[in-house]
Amino acid sequence: MPAVWWRYFNLATRMRVSYSPDYYAPIPDQHVFPMRKFEGLYQWIIDQPWMNPSGVISPSMARMDHLELIHTPSYLNAVWDGGLSDKEIRRMGLPWSKGLAIRSRTAVQGTMNAAFMALQDGISGNLAGGTHHAMPEWGEGFCVFNDVAVAVKALRQAQWVRKVLVIDCDVHQGNGTAACLADESDVFTFSMHGEKNYPFRKVPSTLDVGLEDGTDDEEYLMALEEALEEIQMQFTPDLVFYLAGIDVLESDRFGRLSLTLDGLMERDQRVLRTYAEKQIPMVVLLSGGYAPTLQETVMAHSVVYQAAHDVESLY
Ligand SMILES: [Zn+2]
């Protein structure tokens, strides 16, 4: 086969992502968290002509000693053994089950694996993850473990990477990530979020951009551009984690911003292009999204994976 054809074939099928059926944990039907979105996004991605089904890598559960790099043993044991108090479960926002404990550990490993794949291939993702409200000692806002913080700490400890950038564009501030990584030198956390939205007590990131309710595409993209420029002047990472929350959409039930789907696409393309052009490895993560229907939620989450595919040839 001529070399050029081999190269084309290679480019079309290179991207690998993490996904496991264990990402689903049973919760009541009326619960606001769209637990079926992980499976929906998996179905979408394997239907794409550019996606090779063998590029979907199924993670095992994250090891306890890795989780302990961020979370306290008492919290980890309580999640695993079902020992959380009613108050802790309310703060977490998800009913406890063994399935939830398994799901949470598996999704952390999915992010760790995606980071390794990104370091090899340029861009990768986890069809889950970005659980940025999880604190060392408790879970909150539908987040049990802080996958990004665990991955950052594990990769840095093993010296796979030194400088890590977290770009968190979920509409809710990345309070857990900021708290978990506050003492890490060479880690830059950036959160762009609705200033008046949850969490009401924000934990300072390296750079926070708080947006007014009702912020539209133009205002949002201008603020993003400015922030990306500022970050590039200050910090050149070895690896980027991108939390591509879709709760910035106008149609979101909790978001309070006014982005259109076109604005969301532009946001994801700009973030990914900025670092793909520099050949800096990137990990794409879901974080939050509460569109009116499951189908719309899945479709909006697919935007960043299409954008990831569009930039993969830059690596
Ligand atoms: Zn969110």
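Which residues line the largest cavity? The model is predicted: local features require pLDDT of at least 70, side-chain atom pairs count only at pLDDT 80 or more, and totals for chains, interfaces and linings use all residues. Residues are numbered from 1 along each chain as its sequence is written, and side-chain values use heavy atoms, with hydrogens and water left out.

**View A. The largest cavity.** The lining of the largest cavity consists of Val-166, Asp-168, Gly-174, Thr-177, Ala-178, Thr-189, Phe-190, Ser-191 and Ser-205. Two or more lining residues come from each of β4 (164–168), α8 (175–180) and β5 (187–194), and β5 provides the largest share, three residues. Helices (H or I, at least four residues) and strands (E, at least two) are DSSP runs, numbered from the N terminus. The space in this cavity is about 40 Å³. On a 1 Å grid over the protein atoms alone, a cavity is a set of points where a 1.4 Å probe fits but cannot get out, a pocket is an open set with protein on both sides within 12 Å along at least five of seven lines, and lining residues have an atom within 4 Å of a point. Grid points are joined across faces, edges and corners, and a volume is the space filled by probe spheres set on the points.

**View B. The largest pocket.** The largest pocket holds about 410 Å³ of space. It is lined by 32 residues, of which Phe-33, Gly-141, Phe-142, Cys-143 and Tyr-290 are the closest to its centre. Helix α6 gives the most to this lining, with five residues. Phe-142 lies in the loop between β3 (123–126) and α7 (147–157) and has a positive phi of about 70 degrees although it is not a glycine. With a relative accessible area of 19%, Phe-142 is buried (under 20% relative accessible area; exposed is over 50%, partly exposed in between; 1.4 Å probe, protein chains only).

**View C. The zinc site.** The zinc ion has as protein donors Asp-170 (OD), Asp-170 (OD), His-172 (ND1) and Asp-247 (OD), at 2.0 to 2.7 Å. Donors are N, O and S atoms within 2.8 Å of the metal (3.2 Å for Na, K and Ca); water is not among the atoms, so sites may look incomplete. The arrangement is irregular because the four donor atoms subtend angles of 53 to 153 degrees. Four donors count as tetrahedral if all angles lie between 85 and 135 degrees; four count as square planar and six as octahedral if opposite donors are over 155 degrees apart and all others between 65 and 115; anything else is irregular. Along the chain, the donors follow the spacing D-x1-H-x74-D. Asp-170 is buried, at 0% relative accessibility, and His-172 is buried at 7%.

**View D. Helix α4 around Leu-76.** Leu-76 is found in helix α4 (residues 73–81) and is buried, at 1% relative accessibility. Leaving aside neighbours within four places in sequence, Leu-76 is in contact (heavy atoms within 4.5 Å) with Met-64, Leu-67, Glu-68, His-71 and Phe-145.

View E. Asp-186, in the loop between α8 and β5, is a residue other than glycine with a positive phi, near 65 degrees. Pro-199 is placed in the loop between β5 and β6 (207–211). The peptide bond from Tyr-198 to Pro-199 is cis, with omega near -5 degrees.
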